[in-house]
Structures are given as structure tokens and as C-alpha cells.
Amino acid sequence: MSVFRVAADLVVALHGAFALFVALGALLAFRWRRVMWAHVPAAAWGMLIEFSGWACPLTPLENALRLRAGDAVYSGDFIQHYVVPALYPANLTRETQLAIGSAALLFNVLMYCCLFHRRGHAL
């Protein structure tokens, strides 16, 4: 196995972990309040990527590593390649991308509202 293939797989794992943190990190703030200082900027970045239609820089990094390993690369972004096939039968559309970003925004706003209400508005 090529070191570049392993590196590409590690980038995918990191990308997936980051996407989960963006989507669900607010839940960690209920247990560890300081997590919000990392989660809020991460969530803002993730939502910016979704709402703007940009590709996360980890996607071209993964593709570059796959090319160096002699593997096939994919077009589109991480969510379109890895997440959407698992969740949706159709290809990622702009509407789906906006829905994913909106769901992440709504979920996180609700979680932080609950957290602030529960903690008496104290950080």
C-alpha cells in the first residue's frame, strides 16, 4: 500500500470527523462547555462551505494524494462523494447542499440556545 494512499485515507477520516464535529459538536458543549470555542468557528466554516458552494480544501488534498498513489480521483466535493450516496439516492444538487447547510445551522442554533438557557446565559 502506497504512503500516498494511506495519507489520502487519513484525509478522508479527518474530513469525516470534521464534518461530524460541525454537525454534532454542539452536543459536546452540553458536557464540555469549552468545546464551543472550537465548535462555533468550525461550524461557521462548514456552513460557509455549504452555503457558498465552495469545496473544502481537504477535497483537493485528498485527490492530489490519490493521484500520487496512482488511484482514481473524483469530481465534486466530500459530501457529494461520500455522504450523499449514503443518505440520498440522487446526486447532490444545490438545493440539497443548501438544505444540508440550513439543517446544520438550525440544529446548532437550537443546541446553543438550549445550552445558554440551561447555563443561565453564562459562558
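I take helices as DSSP runs of H or I with at least four residues, and strands as E runs of at least two, numbered from the N terminus. The model I am looking at is predicted.

**Entry 1: elements**

I counted 5 helices and 0 strands in the protein. From the N terminus on, the order reads α-α-α-α-α.

**Entry 2: burial and contacts**

I looked up burial next. Of the 123 residues, 35% count as buried. Then I checked how far apart contacting residues sit in the sequence. Among contacts with a separation of 6 or more, 62% join residues 24 or more positions apart.

**Entry 3: H2 against H5**

How do the axes of H2 and H5 cross? I found that helix H2 (residues 36–52) and helix H5 (residues 94–118) have axes that come within 8 Å and cross at roughly 160°. Angles over 145 degrees count as roughly antiparallel, so H2 and H5 are roughly antiparallel to each other. The crossing of H2 past H5 is left-handed.

I listed the residues in contact. H2 brings Met 36, His 39, Val 40, Met 47, Ile 49, Glu 50, Phe 51 and Ser 52. From H5 I noted, among them, Arg 94, Gln 97, Leu 98, Asn 108, Tyr 112, Leu 115 and Phe 116. The residues of this H2 and H5 contact sort into 12 nonpolar, 6 polar and 2 charged.

**Entry 4: H1 against H5**

I turned to the other pairing of H5. The axes of H1 and H5 come within 9 Å and cross at roughly 10°. That angle makes H1 roughly parallel to H5.

On the H1 side I see Val 22, Ala 23, Leu 24, Ala 26, Leu 27, Ala 29 and Phe 30. On the H5 side I see Phe 107, Asn 108, Met 111, Tyr 112, Cys 114, Leu 115 and Arg 118. I sorted the residues of the H1 and H5 contact into 12 nonpolar, 1 polar and 1 charged.

**Entry 5: nonpolar cores**

In soluble globular proteins, nonpolar side chains tend to be buried together.

Which residues make up the largest nonpolar core? I found 7 residues in all: Ala 26, Ala 29, Phe 30, Met 36, Met 111, Tyr 112 and Leu 115. Helix H1 (3–31) and H5 are the elements that give two or more residues to this core. I also noted a second, separate core of 5 residues, including Ala 8, Val 11, Cys 56 and Leu 58.

Last, I went back over the lists for Tyr 112 and Leu 115. Both are in the contact of H5 with H2, in the contact of H5 with H1, and in the largest nonpolar core.

Key. Residues numbered from 1 in each chain as written. Predicted model: local features only at pLDDT ≥ 70, side-chain atom pairs only at ≥ 80, totals over all residues. Heavy atoms only, no water. Axes fitted to C-alpha atoms, helices over the stretch in contact; angles between N-to-C directions. Parallel < 35°, antiparallel > 145°, perpendicular 65-115°, else oblique. Left-handed = near helix turned anticlockwise from the far one by under 90°. Contact = heavy atoms within 4.5 Å. Nonpolar A, V, L, I, M, F, W, Y, C, P; charged D, E, K, R; others polar. Core = buried A, V, L, I, M, F, W, Y, C linked by side-chain atoms within 4.5 Å. Buried < 20%, exposed > 50% of the residue type's maximum accessible area, 1.4 Å probe, protein only.
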